[in-house]
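Subject: Structure for your review

Hello,

I am passing on the structure we talked about. Please open it alongside these notes.

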Amino acid sequence: MENKIEWANKMDEALARARSDNKPVLLDFFNPG
Amino acid sequence: MDAVTYPDARVISFVNENMIPLRVRFDAQPLATDFNVKWTPTIVTLDPEGKEHHRTVGFLAPEEFIPSLLLGIGKVYFDTDQFDAALANLEKLLSGYPKSHSAHEAIYLRGVSLYKKTDDPKPLKRAYEKLQENYPGSEWTKRAYPYRLL
């Protein structure tokens, strides 16, 4: 089992995976601090 | 989120199994402007075409974050008239996280989804009754108030 969230960092890549896997996208706008 | 919610094993498992996680800086352009981001964390649920269906702003602990994501997934399906899939996610939310803040909206949306699926208005009245019984002060109870007459 994974021990962290496997974040993508590019929208086009995330949407391509979402269409391929038929899953919604969780988009997190974060402040690296 | 990085200290508490994202390292949580339940969150990791849920996100990796059910969603495509995408993380960008709050000032990343053009996304920050396109999504009108004003504060962090801003967390948005998108369909595979990139359309927004659900948003939260501010920290959520794991026991609120997972049901919020289930609500977002349910809204993706509800907004695209896929009511069986919407209902499956809403039922997961309501059975697993009945005390979460997202449960209020989920009860409302479950009633609407059942109505739109069947044309039977009884689920709308049941949604109001459930909300009134369990969350009498909720904004979703107020939104369902007219359904008491059905």
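The notes below cover the interface of chain B and chain A.

This is a predicted model, in which local features need pLDDT of at least 70 and side-chain atom pairs count only at pLDDT 80 or more, while totals for chains, interfaces and linings use all residues. Residues are numbered from 1 along each chain as its sequence is written, chains are lettered from A and ligands numbered from 1 in the order in which they are written, and side-chain values use heavy atoms, with hydrogens and water left out.

Chain B brings 37 residues to the contact and chain A brings 28 residues (heavy atoms within 4.5 Å). About 3200 Å² is buried between them, 66% of it from carbon and sulfur atoms (accessible area, 1.4 Å probe, lost by two parts on being put together, summed over both). Of the area that chain B buries, B:Ile20, B:Leu22 and B:Arg23 supply 26%, more than any other three residues.

The rule finds 2 salt bridges across the interface (a side-chain nitrogen of Lys or Arg within 4 Å of a carboxyl oxygen of Asp or Glu). B:Arg23 forms a salt bridge with A:Asp28, with the closest N and O atoms 2.8 Å apart.

Strand 1 (residues 25–30) of chain A and strand 2 of chain B run antiparallel and are joined by 5 bridges (strands are DSSP E runs of at least two residues, numbered from the N terminus; two strands pair if DSSP finds at least two bridges between them). A:Phe29 has B:Thr42 as its bridge partner in strand 2 of chain B.

Regards

Key
Helix = DSSP H or I, 4+ residues; strand = E, 2+ residues; numbered from the N terminus.
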